[in-house]
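Welcome! Here are a few exercises to work through with the structure at hand. Try each task before reading its solution.

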Amino acid sequence: MSLRFRLLILIGLAISGISSASFAQGNAFLSGTVVDKNSQKPLSGISVRLLPSERGMVTDAAGYFRFKDIAPGTYSLVISGINYQNVLLSNISVTTGNENTFAIEMEPAIKGLDSVVVSARKNTAKASSLETPLSVQRLTVEEIKRNPGGNFDISKVLQSLPGVGGGVGGGGFRNDIIIRGGAPSENVYYLDGIEIPVINHFGTQGSGGGPQGILNVNLIEDVKLSSSAFDARYDNALSSVLQFRQKNANTTHTQGNVLLSATDLALTLDGPLSSKTTYLASVRRSYLQFLFQAIDLPIRPNYWDFQFKIQTKINKKTTFSVLGIGAIDEFKFAAPKTASPEKLYVINSNPNINQWNYTVGMSLRRLTDNGFWNLALSRNTLNNDVKKYEDNSNPSPQTQTLLTDSRETENKLRWDMTTNIGESKLTYGVSLQYVDFTNDFFSIYRKELRDENGVVVQPEVKISSVTQIDFLKYGAFFQFSRRFFDERVAISLGTRIDGNSLSNSSSNPFKQFSPRLSVSYALAPHWNLNASVGTYFKLPAYTQLAFKGPITPGGSATNPGAYIQSTHYVAGTEYLPNNTLRFTLEGFYKRYAHYPVSVLDGVSLANKGSEFGSIGNEQVVQTGIGKAWGFEFFVQKKLTKRFFGILSYTFYRSDFTDISGAFIPASWDNRHLLSITWGYKFKKNWELGLKFRYQGAAPYTEFDMVASRTNYLSQGTGILNYAMFNANRLPAFHASDVRIDKKWNFKKITLDVFLDVSNWYGAPSPGAPQYTFKRNDNNTAFLSTDGLPVKPNGSNAIPLLLPNNDAQVTPTFGFIIEF
């Protein structure tokens with residue numbers, strides 16, 4: 001056990017010894033607003049009970065309620081009303097520092113099998129809706145904050161859910177969200193209805209993954225993951241739609257919190273700006289560069305992120321909101337004080353990344369007699385600057401091997417309408433986007449090499465593209481939902497169409513006709529059978545769409561831009577024995593068409609996206625097809641009697657074709673995903689969380705030893721043997737994470753001290769070996785077979801494969817001050 005780890009434990013134990021009785025404890029508050037889910041109109045006269053206190057009240061004319069003078073602790077809210085399904089919110093942490101303000105939606109009551117109102121079918125354990133009756137999960141803010149190993153990062157917490165993998169090996173540091181065997185580029189993300197294309201720092205352009213999430217969990221109320229049966233309003237989703245809903249701001253006074261952890265410092269504020277306007281705001285600053293310097297790692301990542309929302313109630317029917325999120329990422333290298341082959345490999349195998357991105361959006365919501373409409377206008381930009389050199393420690397233009405200097409900007413306008421006609425629900429809308437993308441890219445895929453006589457033994461292969469494109473994207477959608485046969489059967493039928501004005505893509509939106517159908521049958525009062533089928537389309541990455549040679553040797557190329565297609569078939573059952581326990585079992589099959597395949601290496605782009613930089617900057621053909629199939633089992637227990645937990649298991653297969661048309665296991669074909677998470681709330685504000693993760697053996701590709709030796713000095717890495725792509729398997733990954741929290745409530749301040757340890761029992765983290773040349777004892781030069789300096793083609797070098805399976809125990813100690 002390291003000295004640093006021991007010190008963190010000692011500090012935690014010392015703080016835990018402070019007696020909470022020595023401080024004056026104040027009282028807390030809890031408030032919220034209740035609305036009809038279908039019409040969004042406020043509901044008055046709704047009963048709100050606070051458990052276990054047995055206190056209760058009814059909502060006022062604005063649907064508002066507020067409990068005062070509550071003793072700090074963990075509570076549940078039970079919301080009920082005539083002709084509405086009950087709503088249960090559990091695991092609500094009430095403190096003196098911050099007041100929780102909830103936005104609660106109630107659905108009309110459903111008549112059950114015996115024509116009685118079934119009021120408990122809508123609750124926090126159940127996550128489905130009329131439009132999406134299956135393949136949907138939901139996490140509350142408390143489940144995200146207290147998730148062991150999550151470190152307040154939503155992307156990591158999602159790996160507790162069924163079908164969600166964590167990248168190739170499973171134990172890496174990146175947030176590559178893999179849903180049911182699909183690539184990380186197949187997911188879309190929405191924050192309060194505004195699409196946010198980038199949710200990770202140092203993200204991979206054209207994909208979406210990265211090492212650290214951008215979203216501030218302290219501003220999030222809940223997260224909804226849909227892995228199929230997508231609502232027709234969402235475009236470009238092949239594997240999942242992730243919806244992040246921000247919390248309501250405090251309407252009475254400004255409040256906030258400060259979070260200090262081992263990696264960053266964050267400030268969050270919310271409160272009123274006027275009687276009709278509220279705000280949320282946060283800023284976070286990392287100090288990873290100082291931590292990495294202290295432990296002598298040769299990389300210096302540094303980031304900032306920002307998030308805000310302003311909401312104004314113009315009148316009883318109209319609400320106007322403005323939100324924004326952004327990040328600044330800087331990455332550089334530094335020579336280690338104590339050199340080792342592993343540290344020196346890191347310097348030249350990775351690119352230097354500098355990024356910034358933002359999304360700002362405005363939305364106007366207007367209630368109508370039978371529903372509501374939304375008008376949303378947003379703009380997002382990603383600026384990506386990536387450089388790599390033969391020696392990143394001594395960069396020069398003559399030794400540069402990679403450049404990406406690109407900026408992509410989207411301007412989006414969307415209008416949608418929700419109307420309730422009797423027992424039917426109808427939604428429809430249109431969208432328009434203007435895209436501006438510029439890209440200056442080149443990569444030395446293979447450097448020219450000559451022998452002693454000056455004869456070219458390896459010609460240069462250089463990828464170069466300097467392009468600018470601007471075009472329109474347009475779409476429309478329609479969805480009809482209704483319950484039949486005494487409300488035992490629910491059917492949702494929808495479609496959307498999408499097109500664009502690019503000459504190398506598809507301007508006819510009906511070629512991307514995207515129908516979907518979902519059916520739910522109430523087999524018994526607590527049993528549902530569900531099924532769905534749907535076809536979904538995604539426009540390829542802008543890097544692919546804009547790419548235009550030249551490629552040397554071989555001339556120039558313009559890439560195709562056909563929409564990637566995926567058809568889903570899903571069926572399953574859901575069992576809800578009570579309002580805090582949920583079981584689901586689902587089987588799924590996904591079929592892909594028109595997937596881009598690299599001409600250079602013959603590999604489907606479905607296997608790429610877990611590396612830094614970008615994907616799509618190369619010549620491709622869209623002849624690839626794919627398939628993913630499997631089943632999921634999920635159990636979720638909401639907090640009762642101090643205990644809550646999640647168990648999920650997924651078996652799946654994922655295969656995509658290479659350029660020859662042969663099916664190859666995808667890089668994400670781990671086949672087995674198991675996650676068990678549980679938490680217990682002890683007396684005196686102690687909390688314990690434990691998580692176990694298992695991810696099956698991931699495919700990997702061995703090196704082409706001849707090409708690797710020839711090109712290592714220019715590339716900084718080995719060259720894969722693409723003829724045997726993913727023909728090998730890494731060992732399976734497993735690890736366990738633990739988290740301990742202790743709270744002290746003062747008069748108007750709450751202190752939360754936590755210790756979060758990832759992989760506490762030190763399991764190896766399997767990764768593909770790393771190719772390098774053997775160095776001398778003091779790591780100042782490469783050894784050679786003849787005692788001379790290593791030749792440019794590496795012919796006299798001594799190849800070495802570095803193992804990549806270190807046990808990474810990561811303790812994080814920190815505190816949160818609410819005020």
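**Exercise 1. Find out how many salt bridges a search of the whole structure finds, and look at the salt bridges of glutamate 687.**

Step 1. A salt bridge here is a side-chain nitrogen of Lys or Arg within 4 Å of a carboxyl oxygen of Asp or Glu. Searching the whole structure gives 40 salt bridges. Keep in mind that this is a predicted model, in which local features need pLDDT of at least 70 and side-chain atom pairs count only at pLDDT 80 or more, while totals for chains, interfaces and linings use all residues. Residues are numbered from 1 along each chain as its sequence is written, and side-chain values use heavy atoms, leaving out hydrogens and water.

Step 2. Glutamate 687 meets arginine 146 through their side chains, at 3.2 Å from N to O. Since glutamate 687 belongs to strand β41 (residues 686-695) and arginine 146 to the loop between α2 and α3, the pair ties together parts that are 541 residues apart in sequence. Helices (H or I, at least four residues) and strands (E, at least two) are DSSP runs, numbered from the N terminus.

Step 3. Glutamate 687 also forms a salt bridge with lysine 681, at 3.8 Å from N to O. Both arginine 146 and glutamate 687 are buried, and lysine 681 is buried too. Buried means under 20% relative accessible area, exposed over 50%, and partly exposed in between (1.4 Å probe, protein chains only).

Step 4. Now widen the view: these residues belong to a network of salt bridges that includes Glu142, Arg739 and Asp741.

**Exercise 2. Work out where the salt-bridge partners arginine 233 and aspartate 416 lie in the chain.**

Step 1. The side chains of the two residues meet at 3.2 Å, N to O.

Step 2. Arginine 233 is in the loop between β17 and β18, and aspartate 416 is in strand β26 (residues 400-421), 183 residues apart. Both residues are buried.

**Exercise 3. Is strand β31 largely enclosed or open? Identify the strands that pair with β31.**

Step 1. Count the buried residues: 10 of the 12 in β31 (residues 489-500) are buried, so the strand is largely enclosed by the rest of the structure.

Step 2. Two strands pair if DSSP finds at least two bridges between them. Strand β30 (residues 461-484) runs antiparallel to β31, with 12 bridges joining them. In this pairing, arginine 496 of β31 stands opposite phenylalanine 477.

Step 3. Look at the turn: β30 and β31 make a hairpin with 4 residues between them, and phenylalanine 485 there has a positive phi of about 50°.

Step 4. β31 also pairs with strand β32 (residues 514-524), antiparallel over 8 bridges. Here threonine 495 has proline 515 in β32 as its bridge partner.

**Exercise 4. Describe the largest nonpolar core and the second, separate core.**

Step 1. A nonpolar core is a set of buried Ala, Val, Leu, Ile, Met, Phe, Trp, Tyr and Cys residues joined through side-chain atoms within 4.5 Å. The largest has 35 residues, and Ile154, Leu158 and Ile177 are among those with the most contacts inside it.

Step 2. The elements that each supply at least two residues of this core include α2 (141-145), α3 (154-157) and β18 (240-246).

Step 3. The second core has 21 residues, including Leu30 and Phe67.
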